[in-house]
Amino acid sequence: MHITQLNRECLLCLFSFLDKDSRKSLSRTCSQLRDVFEDPTLWPLLHFRSLAELKKDNFRLGPALRSLSICWHSSRVQVCSIEDWLKSAFQRSICSQHESLVNDFLLQVCDRCPNLVSVTLSGCGHVTDDCLARLLLSCPRLRALRLENCARVTNLTLAAVAAHGRALQTLHVDFCRNVSAAGLLRLRAACPSLTVSAEHSAAMIPDQPARGCAASVFRAAPGRQCLPHPSSCGGRARD
């Protein structure tokens, strides 16, 4: 029996055992298999191990997507986590190649995948509070949001969770240095049934003001620093 003699259900089952590249390769063989590749029900789960994979054409976004994970474990993650004003020209050039990738991808997810229930982002140093807030608004069934080592995530994401994460049951903000203890307390007070993990986040030193404002940083507890008052240097305190 030739593969094209299988019915649609069998073909979808066969495709489900293949990785993204293999699915794409098989879809190029004939129009029938291309239609199977394009079927939204084939794509309930997407996992990306690098940001470069987000630019490939070997997957499809659609309303069947339930679980999404982007886990980037690369030495470049350390470069992305450096505060912008401390980066060298070379480091900024590295970041410029990918700094908008995750945000742009998540905006597509917001438009096409309203039924998401789980999102995991690890090592996504450029993902922003605004993008995560839109994700929460666009995916009202989201039950689990796991963020790890996302340097630009702040208390604004926690506020968005409290305001829009109606179905959310689990939130991780592990190793997110700009999430504060005060922000976590406010979130737990607003959402007492929400399971929150914030491993090391509130204990990490948050982003500091640029060099011209460094002298105005208030004295903090030993081993800790805090941001200046919002009125100084145009900055904004993390709390």
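**Helix 6 and its neighbours.** I began with the packing of helix 6 in this predicted model, and found that its buried residues lie against strand 1 (45–48), strand 2 (67–71), strand 3 (118–122) and helix 7 (129–138). I then listed the buried residues themselves, which are Leu-101, Val-102, Asn-103, Phe-105, Leu-106, Val-109 and Cys-110. For the length, I noted that helix 6 runs over residues 101–112, twelve in number, and that its first and last C-alpha atoms are 17 Å apart, close to the expected 16 Å.

**Helix 7 against helix 8.** I next looked up how helix 7 packs with helix 8 (residues 155–164), and read an angle of about 10° with the axes 9 Å apart. On the helix 7 side the contact is made by Asp-129, Leu-132, Ala-133, Leu-136 and Leu-137, and on the helix 8 side by Leu-156, Thr-157, Ala-160, Val-161 and His-164. Sorting the residues of this contact, I have seven nonpolar, two polar and one charged.

**Positive phi values.** I checked Phe-175, which is not a glycine and yet has a positive phi of about 55°; Phe-175 sits in the loop between strand 5 (170–174) and helix 9 (181–190), and with a relative accessible area of 31% it is partly exposed. I also checked His-200, another residue other than glycine, whose phi is positive and near 70°. His-200 belongs to the segment after strand 6 (195–197), and I noted it as partly exposed, at 46% relative accessibility.

Conventions: Residues numbered from 1 in each chain as written. Predicted model: local features only at pLDDT ≥ 70, side-chain atom pairs only at ≥ 80, totals over all residues. Heavy atoms only, no water. Helix = DSSP H or I, 4+ residues; strand = E, 2+ residues; numbered from the N terminus. Expected span 1.5 Å × (residues − 1). Buried < 20%, exposed > 50% of the residue type's maximum accessible area, 1.4 Å probe, protein only. Contact = heavy atoms within 4.5 Å. Axes fitted to C-alpha atoms, helices over the stretch in contact; angles between N-to-C directions. Nonpolar A, V, L, I, M, F, W, Y, C, P; charged D, E, K, R; others polar.
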